[in-house]
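Hello,

Here is the structure I promised to pass on to you. Please open it first, and then read my notes below.

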Amino acid sequence: MATLRITKRLEKRFTFEKIRESRWRKTVATTLTYITIICYLVVVLFPVFWMVSTGVKMNKNVAKMPPEFWPTEPSFLGFKYLFTQEKIIWTFFKNSFIVGFSVVAICVGAGSFAGYALSRFPFRGSRGLMLFILASQMFPTVVMLIPIYLVFVNIGLIDTHFAVILMHTSITMPFCIWILKGFFDTIPVDMEEAAHIDGCSRFGILWRIVFPLIGPGVVAAGIYAFLLSWNEYIFASVLTSELKMRTLPTGLYITYLGQYEHRWSDVMVAALAFTIPIIIIYVFFQKYVVGGLLGGAIKG
Amino acid sequence: MIAKLNVRQLNNTQFALLLLLPALIIISMIIVFPLIYSLGLSFTNKNLLRPSSKFIGLKNYKKLMHSETYWQILNNTVIISFFSVLGQTIVGMALALLLNTGIKGMKIFRGLALTCWAVPALAAGILWLLIFNAEYGILNHLLRVTGIIKDFIPWLTREIWAKIAIIITFIWRGTPFIMVMFLAALQTIPKDIIDSSKIDGAGPVRRFIHVTIPTIRHIIMIATLLQVIMIFQNFIIIHSITVGGPANGTKTFCIYVYELAFDAWKIGRATALGVTWLLMLLLFSIFYMRYVGGKEQKIY
């Protein structure tokens, strides 16, 4: 009896210690994990902070050695100057928004139909089509720009919004179709089948049943298209020559990048103006951005 | 009399094609047509500074193969993309593994990390241009203050350092994207496999190599391939930081095609270069998908 009790007590102690030990190990592991992740975040977000910090400095203080982490003479005049004196930035904003929203409208419109077709009606060529869509991401956009440029010069479509919208659509459409198709795949077919049995036309099914459901997919594809168009430099730069037709990235590049040596703060302010709308979209629609990224890539 | 198109009479395949029509029209106009036209142009000596052009067969390609610049550009592109993607994959995987341990705040970390991916390319380029500045850039300052270097590194004025600078920028920008994809992939691994390997006595390293990686092999392959493609296509970041210099040190295919086509107006040469680039990328993708992705390709 005594031996049994002792054995039991010893057992208990050892298991208790084992638990304590592994709990200790777990805490250490978790702390190290947190530390590593926070280090990474610091390293990764520091440049963004630097952008803000430089924007708030005065031009002459940017080149100070040693560089100030937080400006001793903060000045928000740069922002005021950018938006009131150099009115050109409003034109760039306007152009970028016009192009962006048009691209979203076209991509989501044509893309939804295409995504639905590819999802619900797999026909012989549909697999090939999907592969082609993936492969089209690979096509060197610069090279495609060359014949387009030649044609547009001859037709006289240079310096039009239409040209830029068209080209932006071409680079965003394939992936939008991919996202939307992936999204359609997740919507169960039962409701559509029921409607079909009840005699609804196929377009009717599309209109009444499917479209009300595709909100999230449309948002994901739309945001992706808008982001890509906002960011896009090379098509917009080649297809527009007049300053008043240029989109934000191309306009900023021409206006600022030549003379940055003395105006770093102004340049950063412009860059910030360019960045902030995207960050706002990103903050509010993060779920959709990530979902769009993953849905397209993971499923395929 | 034009027969009215009765949608109800279309069979399923035809209906699908009808839905696909808008997307297909756009894609064929803007992707297929330029591709074919570019191929044709690459066999001519078209130069926009000359009034006419004629067919010269493979002469453009021969000239390219024999020019030293071509091989240097190939070298640059391969080095930059290889090391960038390598860095992104290693850091991204490490972070994904850490985040996958079920710690709290994973979504917040993910959201914060993705911010640097959301910063538009031009803004990022301007930003890193300032950071890499040899005289008053913050990077040199930090490195010197922490004692890692004694003299300032000439980031953008020496070929080798410029390459490293571009690689750093790409790693900074692309790691969050890859991390998010890997994290999502890790979360799809069924717990049973991990648990059973634990029971079988596999340590964490063994588990990683023999269980985790093979299960998400497909995703790793796609994610890295996408990154390589995106780096090949990337124009604005390299153009705003180093413009392909110094001494052609960071000139990738994309930048060289742009220069040939829109600075020197040598359309024939530019398209030939583009075609070789596309072929190379296609071949690489096919082999990469076969070899790294494993025999059972679930590409569609």
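Buried means under 20% relative accessible area, exposed means over 50%, and partly exposed is in between, with a 1.4 Å probe and the protein chains only. Among the buried residues of α5(B) are I126(B), W128(B), L129(B) and L130(B).

Before going on, a word on the basis of these notes: this is a predicted model, so local features need pLDDT of at least 70 and side-chain atom pairs count only at pLDDT 80 or more, while totals for chains, interfaces and linings use all residues. Residues are numbered from 1 along each chain as its sequence is written, chains are lettered from A and ligands numbered from 1 in the order in which they are written, and side-chain values use heavy atoms, with hydrogens and water left out.

**Where the chains meet**

The contact between the chains (heavy atoms within 4.5 Å) takes 100 residues from chain B and 96 residues from chain A. About 8700 Å² is buried between them, and carbon and sulfur atoms give 83% of that area. Buried area is the accessible area, with a 1.4 Å probe, that two parts lose on being put together, summed over both. The count of salt bridges between chain B and chain A is 0; such a bridge is a side-chain nitrogen of Lys or Arg within 4 Å of a carboxyl oxygen of Asp or Glu.

W264(A) shows the meeting of the chains at the level of one residue. This tryptophan lies in helix α12 (residues 264-284) of chain A and is buried, with a relative accessible area of 2%. Leaving aside neighbours within four places in sequence, W264(A) is in contact with T54(A), N59(A) and V62(A), and also with I126(B), L129(B), L130(B) and Y136(B). W264(A) and T54(A) are 210 residues apart in sequence, yet 7.6 Å apart in space, C-alpha to C-alpha.

On a 1 Å grid over the protein atoms alone, a cavity is a set of points where a 1.4 Å probe fits but cannot get out; a pocket is an open set with protein on both sides within 12 Å along at least five of seven lines, and lining residues have an atom within 4 Å of a point. Grid points are joined across faces, edges and corners, and a volume is the space filled by probe spheres set on the points.

There are 3 cavities of 30 Å³ or more, and the largest cavity holds about 1200 Å³ of space. It is lined by 47 residues, with Y224(A), L228(A), N231(A), M230(B) and Q233(B) closest to its centre. By class, that lining has 34 nonpolar, 11 polar and 2 charged residues. Ala, Val, Leu, Ile, Met, Phe, Trp, Tyr, Cys and Pro count as nonpolar, Asp, Glu, Lys and Arg as charged, and the others, Gly among them, as polar.

The largest pocket has about 1100 Å³ of space. Of its 21 lining residues, L97(B), N100(B), T101(B), K198(B) and R207(B) lie nearest its centre. α1(A) gives the most to this lining, with 6 residues, and the lining divides into 10 nonpolar, 6 polar and 5 charged residues.

The second largest pocket has about 450 Å³. Its lining has 20 residues, and V43(A), W128(B), L139(B), I168(B) and W172(B) lie nearest its centre. Here too α1(A) gives the most, with 6 residues. This lining is made up of 18 nonpolar and 2 polar residues, with no charged ones.

**The stretch around α12 of chain B**

Helix α12 (residues 253-263) of chain B is mostly covered, with 9 of its 11 residues buried. Next comes W265(B), in the loop between α12 and α13 (267-293) of chain B. Its phi is near 55°, a positive value in a residue other than glycine, and W265(B) is partly exposed, at 23% relative accessible area.

W265(B) is also one of the contacts of K46(B), as is L150(A). K46(B) sits in the loop between α1 (12-41) and α2 (59-66) of chain B.

Happy exploring!

Methods
Helix = DSSP H or I, 4+ residues; strand = E, 2+ residues; numbered from the N terminus.
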